[in-house]
Amino acid sequence: MTKKERILLAAQEQFGEHGYTATTLKMVADHAGVASGLVSHYYGNKDNLFLESGRELIDQMLGILTDKAKEGKSGLEALGIFVQAYFDFTMVHKTTFPTLLRSSPFSDEYPHLDRTHIAEKFKQLIDRIEDYIRQGMEDGSIREVPLPQTSYLVYGNIVGAVRTEFLTPFQIDNLFKDACQFIIRSLART
């Protein structure tokens, strides 16, 4: 792993654990085992590092989810695989994923941060969901639903389950499995 990659991973872990406000560039540098000036050299300032941490995670996640969803034989099946892969990604990346919760356009942490570019990345996830829904309506596996509204509702269910898992004291057995089944049942042609 290069020093730049170590810095980004350290930033994701520190922002995920401590949030934007409490994380300092020095904390990131110490966690990465590099000089503080190197963090600024590669990423400029804390805002840029925070947003790049989120963008990189979304790119990584979108690639994995899209590849897995290719296994689906119908739009509904591809959507189910995509949603389950999203939940699986959050658990595999438990130390870094909270950075996405904190940097997302749906977050109220540090509201003055310009999230335009990160919002575009999140929109790619929503667009992919819309593609699977459209495919499912075309192949008959998904009932007729309004687009793009339904893709946002599906994503809202995903985000709600993830936020419940990561940010609340509630311990709900099988939350991700049940959320995935709920999404699929709500769209499946009966």
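Author: Start at asparagine 174, in the loop between α8 and α9. This is a predicted model, so read every value as computed from it. The phi of asparagine 174 is near 60°. That is a positive value in a residue other than glycine.

Then go to the loop between α7 and α8, where proline 148 sits. The peptide bond that joins leucine 147 to proline 148 is cis. Its omega is about 5°.

The largest nonpolar core has 44 residues. Leu79, Tyr86, Phe87, Leu125 and Ile158 have the most contacts inside it. Which elements give this core two or more residues? They are α4, α5 (75-92), α6 (98-103), α7 (116-139), α8 (149-167) and α9 (175-187). The largest share comes from α5, with nine residues. In soluble globular proteins, nonpolar side chains tend to be buried together.

Take α5 next. Its buried residues are Gly75, Leu76, Ala78, Leu79, Gly80, Phe82, Val83, Ala85, Tyr86, Phe87, Phe89 and Thr90. What covers them? The cover includes α4, α7, α8 and α9. Helix α5 has 18 residues, so at 1.5 Å a residue it should span 26 Å. Its end C-alpha atoms are 25 Å apart, which agrees.

Threonine 66 gives you a view from α4, which covers residues 46-69. Is threonine 66 buried or exposed? Its relative accessible area is 16%, so it is buried, since the cut-off is under 20%. Beyond its neighbours within four places in sequence, threonine 66 is in contact with Phe82, Arg128 and Tyr132. Phe82 is itself one of the buried residues of α5. Tyr132 is one of the buried residues of α7.

An α-helix has 3.6 residues a turn, so residues three or four places apart point the same way.

Helix α7 packs on α8 at an angle of about 120°. Their axes are 9 Å apart. The crossing of α7 and α8 is right-handed. Which residues meet there? From α7 come Phe122, Lys123, Leu125, Ile126, Ile129, Glu130 and Ile133. From α8 come Thr150, Ser151, Tyr152, Val154, Tyr155 and Ile158. The residues of this contact divide into nine nonpolar, two polar and two charged.

Hold on Ile158 for a moment. Leaving out neighbours within four places in sequence, isoleucine 158 is in contact with Val83, Tyr86, Phe87, Ile129 and Ile183. Val83, Tyr86 and Phe87 are buried residues of α5.

Finish at the start of the chain. Helix α1 covers residues 3-22 and holds phenylalanine 15. Phenylalanine 15 is buried, with a relative accessible area of 0%.

Alanine 11 is buried at 0% relative accessible area. Beyond four places along the chain, alanine 11 touches Gly16, Val28, Leu49, Ser53 and Thr99. From alanine 11 to lysine 46, 35 residues along the chain, the C-alpha atoms are separated by 9.5 Å.

One last stop is alanine 32, in helix α2 (residues 25-32). Alanine 32 is buried, with a relative accessible area of 8%. Not counting residues up to four places away in sequence, alanine 32 touches Arg6, Ile7 and Ala10.

How values were computed. Residues numbered from 1 in each chain as written. Predicted model: local features only at pLDDT ≥ 70, side-chain atom pairs only at ≥ 80, totals over all residues. Heavy atoms only, no water. Helix = DSSP H or I, 4+ residues; strand = E, 2+ residues; numbered from the N terminus. Buried < 20%, exposed > 50% of the residue type's maximum accessible area, 1.4 Å probe, protein only. Contact = heavy atoms within 4.5 Å. Core = buried A, V, L, I, M, F, W, Y, C linked by side-chain atoms within 4.5 Å. Expected span 1.5 Å × (residues − 1). Axes fitted to C-alpha atoms, helices over the stretch in contact; angles between N-to-C directions. Left-handed = near helix turned anticlockwise from the far one by under 90°. Nonpolar A, V, L, I, M, F, W, Y, C, P; charged D, E, K, R; others polar.
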